[in-house]
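This briefing goes through one protein chain by topic. Please look at the sequence and the structure before reading the points below.

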Amino acid sequence: MFGSIFYNLWGALIAFSLYFFMTLQQPYTPLRIIIGSFVAAIIVFFVMYIVRFLIAYVLFTPTADPSLDDSGLEENSASVVDEKGKETSTTNSTVEFQDESTEDIAQAVRTMMHREDEQQVNA
């Protein structure tokens, strides 16, 4: 469920206040105004549970079933010729390619930082 019980309490407080101030100028007895305000607050308190449930239902995004989704595990086959001239096929997943590119990026950043340090020392 979305939020917490404080949403219910805020809704009840707002409903109490609105009903109270709207009926204050009416020719009702003070007891009737206060009782009506409490009834409105209690009703809105319980209606807020439904509102919170509907908000959670609308915002809910289901997680994909990993057994049905093979798009993230595509494999790329490549044949490699080793030193002896023997051809072997290797299979690499896209995750490994992403890891290698991340390592390349990290190495490039380290190199640039090292160059900046050398420039600061030489200056």
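Contact here means heavy atoms within 4.5 Å. In that sense, the buried residues of α2 pack against α1. The model is a predicted one. Its chain has 123 residues, and buried residues make up 11% of them.

**Overall make-up**

- The chain contains three helices and two strands.
- Along the sequence, these elements follow the pattern α-α-β-β-α.
- Taking contacts between residues at least 6 apart in sequence, 43% join residues at least 24 apart.

**Helix α1**

- Helix α1 covers residues 5–23, which is 19 residues.
- From first C-alpha to last, α1 reaches 27 Å, close to the 27 Å expected at 1.5 Å a residue.
- Its buried residues are N8, G11, A12, A15 and T23.
- These residues lie on the same side of α1, because they cover an arc of only 100 degrees around the axis.
- As background, an α-helix has 3.6 residues a turn, so residues three or four places apart point the same way.
- F6, W10 and F21 are exposed on the other side of α1.
- The cover over the buried residues of α1 includes α2, residues 30–59.

**Helix α2**

- Helix α2 has 30 residues, which should span 44 Å at 1.5 Å a residue; the distance between its end C-alpha atoms is 42 Å, which agrees.
- The residues buried in α2 are I33, G36, S37, A40, A41, F45, M48 and R52.

**Record annotation**

- An unreviewed UniProt entry lists residues 6–22 and 34–60 under "transmembrane region".
- In the model, residues 6–22 are 100% helix and 0% strand, and the end C-alpha atoms of this span lie 24 Å apart.
- Residues 34–60 are 96% helix and 0% strand, with end C-alpha atoms 39 Å apart.

**S37 and F20, across the two helices**

- S37 is part of helix α2, while F20 belongs to helix α1.
- Is S37 buried or exposed? S37 has 0% relative accessibility, so it counts as buried; the cut-off for buried is under 20%.
- F20 has 24% relative accessibility and therefore counts as partly exposed.
- The C-alpha atoms of F20 and S37 are 5.5 Å apart in space, with the two residues 17 apart in sequence.
- The S37 side chain reaches the backbone nitrogen of F20 at 3.5 Å.
- Beyond residues up to four places away in sequence, S37 touches F16, Y19 and F20.
- With neighbours within four places left aside, F20 is in contact with I33, I34 and S37.

**T23 and G36**

- T23 is found in helix α1, and G36 in helix α2.
- T23 has a relative accessible area of 9% and is therefore buried.
- G36 is also buried, with a relative accessible area of 14%.
- Which backbone atom lies 2.8 Å from a polar atom of the T23 side chain? That atom is the backbone oxygen of Y19.
- G36 and T23 are 13 residues apart in sequence, and their C-alpha atoms are 9.0 Å apart in space.

- V44 lies in helix α2 and is partly exposed, with a relative accessible area of 25%.
- Leaving aside neighbours within four places in sequence, V44 is in contact with G11, A12 and A15; G11, A12 and A15 are among the buried residues of α1.
- The C-alpha atoms of V44 and N8 are separated by 7.5 Å, although the two residues are 36 apart along the chain.

Conventions. Residues numbered from 1 in each chain as written. Predicted model: local features only at pLDDT ≥ 70, side-chain atom pairs only at ≥ 80, totals over all residues. Heavy atoms only, no water. Helix = DSSP H or I, 4+ residues; strand = E, 2+ residues; numbered from the N terminus. Expected span 1.5 Å × (residues − 1). Buried < 20%, exposed > 50% of the residue type's maximum accessible area, 1.4 Å probe, protein only. Arc of directions from axis to C-beta. UniProt positions renumbered as here; feature names shortened; annotations may be inferred. Polar contact = N/O pair within 3.5 Å; in protein donor to acceptor, adjacent residues only side chain to side chain.
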